[in-house]
Number of protein chains: 4
Amino acid sequence: MAGDRGVAMLVGAGDAIGAAVARRFAKGGFTVCVARRDAAKSQGLVDELTAAGFAAHAFSVDARQEAEVQALFARVEETIGPIEVCLFNAGSNVNKPLLETTEKLFFKAWELACYAGFLVGREATRYMLKRGRGTMLFTGATASVRGGKGFAAFSSAKFGLRAVAQAMARELGPKNIHVVHLLIDAGVDSEAIHMRMKAATGIDAREITADSLTKTASIAEAYWFACNQSRDGWTHELDLRPSVEKW
Amino acid sequence: MAGDRGVAMLVGAGDAIGAAVARRFAKGGFTVCVARRDAAKSQGLVDELTAAGFAAHAFSVDARQEAEVQALFARVEETIGPIEVCLFNAGSNVNKPLLETTEKLFFKAWELACYAGFLVGREATRYMLKRGRGTMLFTGATASVRGGKGFAAFSSAKFGLRAVAQAMARELGPKNIHVVHLLIDAGVDSEAIHMRMKAATGIDAREITADSLTKTASIAEAYWFACNQSRDGWTHELDLRPSVEKW
Amino acid sequence: MAGDRGVAMLVGAGDAIGAAVARRFAKGGFTVCVARRDAAKSQGLVDELTAAGFAAHAFSVDARQEAEVQALFARVEETIGPIEVCLFNAGSNVNKPLLETTEKLFFKAWELACYAGFLVGREATRYMLKRGRGTMLFTGATASVRGGKGFAAFSSAKFGLRAVAQAMARELGPKNIHVVHLLIDAGVDSEAIHMRMKAATGIDAREITADSLTKTASIAEAYWFACNQSRDGWTHELDLRPSVEKW
Amino acid sequence: MAGDRGVAMLVGAGDAIGAAVARRFAKGGFTVCVARRDAAKSQGLVDELTAAGFAAHAFSVDARQEAEVQALFARVEETIGPIEVCLFNAGSNVNKPLLETTEKLFFKAWELACYAGFLVGREATRYMLKRGRGTMLFTGATASVRGGKGFAAFSSAKFGLRAVAQAMARELGPKNIHVVHLLIDAGVDSEAIHMRMKAATGIDAREITADSLTKTASIAEAYWFACNQSRDGWTHELDLRPSVEKW
């Protein structure tokens, strides 16, 4: 039966990484709940998964609002099932010289990539601790470990999220909650990146970038691997990049 | 003459690290401007430095308010002199289990230790870039590189500040602004820590902790060293801990 | 048919991690070649795998001897098949105060854990580069990233091996050779550790350590995961520790 | 009087970093003992320092030979004075594709940059422990923390040396021996580098590289700073790079 491993709650789940993780975890036996600003945008994914015999639901949430996050988790726990896995995947890259980094931009980068991650991680923990089990997945980036030129806002937020993941892992591991931080040191093969590249160069990147961008399905497999580790050997952090990447 | 090396602007300068840095940089020829929530608390320090023949001024600032930070820097530049060195030293340690970490606590830890650091660093940069020189000093901690159990809020903020410092260093180094991040992996020998220890144990820690806490003067010396490096060999990050520390 | 994915060459493959990786990769379709100082010690494993319908061979090698390593790889390539995966797993933990660390001990720790890893990695590369594909697996430890008290010899060797793995990853990734470094931040659940614990405490650790040691099968799964990643998303480094581990 | 702070023993002290450290520590009151393969090459430096009223001596040593290192330290302790500071500065950069990295090259890189560092560090420790004080300085490089393409041999050795320094710091700090690891993330402004650049480009680099190479005097100042820290606040690791460096 679909979804008998419980709920995989995917927050900040868009059409790229979020959708790929949804497909992988649905296939793996989880009831998938995808949450983003506007649930309507996930309807296609939910239809696709449902048609394939999987259990999937879409929710609207502004993950930066504590009350919305709490309401979402309560609703899913009550009406759908126990949240066994939770992914936090929000965050928006931005590169600006320091003097052009407005306080608003700095705040918003943090609010979305770090603060919302704290709210989501803490809310998932509330339910997982009661059951004494669970898996928490955080999406990281190159900017999580390197404060590059122009990345004061974004890397500050991603460094901050990594600290949240580490602190959670150290506190919650002994309580049987597995916290994972995935360092994606790569461009991600998404519609968005192809559109940006085509706009900039006139070239359809799908033709030329074979394997130079990390596919969302590969990211989903990394999360799937971590989620299925037995508790005697848990991975907290792993990196991911294309073979051709310079690093 | 006192202060002929320009202004050392010390933000988040309290009675411990801030005061020690003020003494060191005053002695070294800088006009010292100390800024904290309530300038009145720095009056003793200003009197001490002035009596010793140094140039020192105290300012009130809430470093989390962009307008206040901008007004402070503008006022100092206009009425006192060019800001050649700027220290950001605010931040307040906190240790709580994840479920007791309120969103308010998480926000406030970040606002003070990270966001204010961005505001101060960016404002200092505005003036230093025009002159093509300057030194920016950031106070870090163990929590800047380790997300320990119970430190989701504080380490997230300190990781975030470290990213700001790194991004600034990479952008501004080639423009002759030296950005330093000091990792204080230690308890700091301050009145506050002695009072806490005495309250907890009844023992006056000053008698028993010889050299097990890092003295504020030693921290000031580390900043002084970095501030005086020639530009062919700049230190961006250095650690500091007592000889007896386990790490 | 058994072994149609080519040869998995496991060097420094003893009864713990080596045997578990052999089982996993045999099951996954590789012809397994296990090499250690004395091949006779692997006969039981080879018999077990052969009886289960898998292809397995044992070899004697002193991996610290360039000529022996070269002869081993040449023989396997000629008589068994193309080496598609190579694991380097040798290394022997040792903890001594600095003044009791003899030059011989320091040399031997390095020779086994680092130098042999270089010889094996380079020899595997020679064959993999010709075919334009391959996976190289290195076993790391806590000591790979932390020079702890008493670990001058062992951590020096393990730091050194990690550098070899990194340098190989950066050079060989673009040539389609995937280099993986697994940080095992844990005690490994092996006969050896149980005997040591029983000798020290009189307690049969198997009864009390449930999940506090990392099982060799979990380590093998981590390698299996990495080995099967598609080249658009390769993991170079991942950690592994029991849920209850303090770190 | 010259040299009344005891002996600064500088091993692997050539005409660049070694000579600069010798000048700084002589000026600071140490009797300087410089040791390298061929003492004759240090005669100019000894003459210069002696003429300036400082105490300086040159020794021949192959720091990769345990007996030679032991004899050197015994001789200096007996005939000159107590070794209060010891610098290990040997190591020779090399960049080769993996398949061109011979076992001999790999061994030699390690023997000089890592093994000799262990021998020297351990020998210094023997004398310092008896007196309950001392400072041990190790020269690191970018390759100490990054296994770059082509640097399997050199970075393996430098990673290994860093582990030695860390293990020593953790063991010996509580015994009042200060261990410092200096990460020089830069080209060093030496005769050797100028000759290589001129040979390659025909340009006299001294004219064009203003501040793009780190001056040996700046390196010496960093060591001098660390050597004079009080034990309540010791730096174990600090980086150093030109303002214009990309990193």
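A: Buried means under 20% relative accessible area, exposed means over 50%, and partly exposed is in between (1.4 Å probe, protein chains only). Keep that handy, because A:H178 counts as buried at 3% relative accessibility. This is a predicted model, in which local features need pLDDT of at least 70 and side-chain atom pairs count only at pLDDT 80 or more, while totals for chains, interfaces and linings use all residues; side-chain values use heavy atoms, with hydrogens and water left out. Residues are numbered from 1 along each chain as its sequence is written, and chains are lettered from A and ligands numbered from 1 in the order in which they are written.

Q: What is the mean pLDDT of chain A?
A: Where pLDDT is low, the predicted coordinates should not be read in detail. The score is the predictor's confidence in each residue, from 0 to 100. Chain A has a mean of 95, with 96% of its residues at 70 or more. For the complex, the predictor gives an ipTM of 0.95 and a pTM of 0.96.

Q: Back to A:H178, then: which strand is it in, and what does it touch?
A: A:H178 sits in strand β6 (residues 177–184) of chain A. Helices (H or I, at least four residues) and strands (E, at least two) are DSSP runs, numbered from the N terminus. Contact means heavy atoms within 4.5 Å. Not counting residues up to four places away in sequence, A:H178 touches A:G134, A:T135, A:M136, A:A226, A:Q229, A:W234 and A:T235. As for A:M9, 169 residues away along the chain, its C-alpha is separated from that of A:H178 by 15 Å.

Q: Where is D:T135, and is it buried or exposed?
A: Look at strand β5 (residues 134–141) of chain D. With a relative accessible area of 8%, D:T135 is buried. Its contacts, leaving aside neighbours within four places in sequence, are D:E84, D:V85, D:C86, D:M128, D:H178 and D:C227.

Q: What does A:V164 touch?
A: Here the list takes in residues of chain B: A:V164 touches A:F118, A:F138, B:F106, B:A152 and B:S156, again not counting residues up to four places away in sequence. A:V164 is in helix α5 (residues 152–172) of chain A and counts as buried, at 0% relative accessibility. A:F118 is 46 residues away along the chain, yet the two C-alpha atoms are separated by 6.6 Å.

Q: How do I read the relation of chain A to chain B?
A: Two copies of a chain are related by a rotation about an axis and a shift along it. In this model, a rotation of 180° with 0.0 Å of shift along its axis puts chain A on chain B, with an RMSD of 0.0 Å. That is the relation of a two-fold axis. The superposition is by least squares on the C-alpha atoms of residues with pLDDT of at least 70 in both copies. The copies meet through the same surface, because 100% of the interface residues of chain A are also interface residues in chain B.

Q: Which helix holds A:T216?
A: A:T216 lies in helix α8 (residues 216–227) of chain A. A:T216 is buried, with a relative accessible area of 16%, and is in contact with A:A16, A:I17, A:A20, A:V188 and A:D189 once neighbours within four places in sequence are left aside. A:A19 is 197 residues away in sequence but 8.3 Å away in space, C-alpha to C-alpha.

Q: What about loops: where is B:S212, and where is C:N176?
A: B:S212 is in the loop between α7 (205–208) and β8 (214–215) of chain B. At 27% relative accessibility, B:S212 counts as partly exposed, and its contacts include B:P242 and B:V244. C:N176 is in the loop between α5 (152–172) and β6 (177–184) of chain C. Most residues other than glycine have a negative phi. Phi of C:N176, though, is near 70°, a positive value in a residue other than glycine. For D:N176, phi is likewise positive, near 70°.
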